[in-house]
Amino acid sequence: MAEKALLSVEEAEKILGAFPVAVKTETRPLLAAQDRILAQDIHAPFAMPEFDKSAMDGFAIISEDRSPAYKIIETIAAGTLPRLAVTPGHCARIMTGAMLPAGADRVVKRESTREENGTMTIIAEDRNRNIRKKGEDLQAGQLVLAAGERLRAAQIALLASLGMSEVPTARPPRVGILTTGSELVDPGAPLAPGQIYNSNSYSLAAQLRETGAEAVLLGRIADDAGATVEAIASGLEKCDVLVLSGGVSAGDFDFVPAALRAAGFTLHFEKIAVQPGMPTVFGSRDDQIAFGLPGNPVSTFVIFEIFIKPLLLRLQGHAYRPLVQPAVLATAFSRSNGGRTSFIPVTCREGRVVLVSYHGSAHLHSLSQANALLRVPAGLKDIAAGSTVDVRFL
Ligand code: AMP
Ligand code: MG
């Protein structure tokens, strides 16, 4: 059968995974680095905390000192330096975050004390030392964030706490989206009979954004060989990667593979044993990359998710591992043709996989209901209810 000769999903993943990429970097102000991928290892420039400090509002004392009362020698606010050393029978009033005075090695929290006429008495046992020791969170020079990590709010907070106002980040790849199809109309305009809305430009732009790449909308081209070559050539002046939707199958008006060749691209594969998305094209011209995706909206979405997203993340220095988990199939799955690896929209919650109504690669509503894709390996047609299956979360 013809399908036997197709490239397997694993082989296609291997070709993409081996494609050489160079990560471009860009230093950004801290907040502008949010959601980007860190381009260099970050080491702590100093210890955290930088000095022994109080973890409570209370009184700094010598821990062995069991005096019945302690004379208060001074008040130490956060950000001011202690002036006096604490000696037996004495204490310093101290605020959370303030530097511990010399001599003291314990803070009794305020709630466990009573204060009268410049004297403090301990009225309830507080066993905790209530001190944050110098370097207990981080040692100076310690690796705190590794290149390749995404900078989310917690990472931004950490970098700010280390005094960094600028961060080395991966420059997001610029990815051009080119849609082919004479039947397409953009949302907002009325549809004439026989036309449909262009959803792929929008799904791809949204997926690119989620991947941290910059989407460049290059518009729509009619199904015309010359126009396709021209649009590819001019699109590549503006971006690192080009994603074309539609025009890759066997129809009379499917010009994309030939147009990519005419634009000087080498095609590394043109068909994958995958469903949806079989006529997927991957090519390169020097360090520029192009994908041609089948136009059916679920195909476009799934192929991006499985094959393009990992490459775009690698272009940002991020070693992406999709979240794939075993789960139990709630109802039986069956398909008529088992020749290809299928990715089926499902919901997976608490280890249970439920199939959503799915009529095939044009059924976008199905995808919008799903939070994962069920991976059905090539060669398998039927999966019984109760079987353990692999799901890939979206
Ligand atoms: P094609 O891959 O060009 O043969 O298109 C396959 C199917 O996907 C056809 O039904 C097209 O109308 C549809 N299609 C192609 N491009 C898009 C798009 N950008 N948005 C929505 N549907 C599309
Ligand atoms: Mg078409």
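Predicted model: local features only at pLDDT ≥ 70, side-chain atom pairs only at ≥ 80, totals over all residues.

Colleague: Which pocket does ligand 1 sit in?

Modeller: Ligand 1 sits in the largest pocket.

Colleague: And which residues around ligand 1 come nearest?

Modeller: There are 18 residues around ligand 1, and Thr179, Glu183, Asn198, Gly247 and Gly295 come nearest.

Colleague: How does that shell divide into nonpolar, polar and charged?

Modeller: The shell around ligand 1 has 5 nonpolar, 11 polar and 2 charged residues.

Colleague: Which strands supply at least two residues of the shell?

Modeller: Strand E13 (174–180) and strand E15 (196–197) each do that.

Colleague: What lies close to the nitrogen atoms of the ligand, within polar contact range?

Modeller: Asparagine 198 places a polar side-chain atom 2.9 Å from a nitrogen atom of ligand 1. From serine 199 it is a backbone N or O atom, 3.0 Å from a nitrogen atom of the ligand. Asparagine 200 also uses a polar backbone atom, at 3.4 Å from a ligand nitrogen.

Colleague: How much of ligand 1 does the protein bury?

Modeller: The protein buries 78% of the 490 Å² that ligand 1 exposes when taken alone.

Colleague: Changing topic. How many aromatic pairs are in the whole structure?

Modeller: A search of the whole structure gives 3 aromatic pairs. One of them joins phenylalanine 19 and phenylalanine 282.

Colleague: Why is that pair edge-to-face?

Modeller: The ring planes of phenylalanine 19 and phenylalanine 282 are at 80°, with the centres 5.5 Å apart, so the pair counts as edge-to-face. The cut-off for that class is over 60 degrees.

Colleague: What parts does the pair tie together?

Modeller: Phenylalanine 19 is in the loop between helix H1 (9–18) and strand E1 (25–29), while phenylalanine 282 is in strand E20 (residues 281–285), so the pair ties together parts 263 residues apart in sequence.

Colleague: Now the backbone. Where are the cis peptide bonds you have?

Modeller: One runs from methionine 48 to proline 49, with omega near -10°. Proline 49 is in the loop between strand E2 (42–43) and strand E3 (53–54). Another runs from glutamine 275 to proline 276, with omega near 0°. Proline 276 is in the loop between strand E19 (274–275) and E20.

Colleague: What about phi of asparagine 117?

Modeller: Asparagine 117 has a positive phi, near 50°. Most residues other than glycine have a negative phi. Asparagine 117 is in the loop between strand E8 (113–116) and strand E9 (119–122).

Methods: Residues numbered from 1 in each chain as written. Chains lettered and ligands numbered in written order. Heavy atoms only, no water. Near = heavy atom within 4 Å. Polar contact = N/O pair within 3.5 Å; in protein donor to acceptor, adjacent residues only side chain to side chain. Areas by Shrake-Rupley, 256 points an atom, 1.4 Å probe, with all protein chains shown as cover. 1 Å grid on protein atoms, 1.4 Å probe; cavity = no way out; pocket = protein on both sides within 12 Å on 5 of 7 lines; lining within 4 Å. Sits in = over half its atoms within 2 Å of the grid points. Helix = DSSP H or I, 4+ residues; strand = E, 2+ residues; numbered from the N terminus. Nonpolar A, V, L, I, M, F, W, Y, C, P; charged D, E, K, R; others polar. Phe/Tyr/Trp six-rings, centres within 6.5 Å; stacked < 30°, edge-to-face > 60°.
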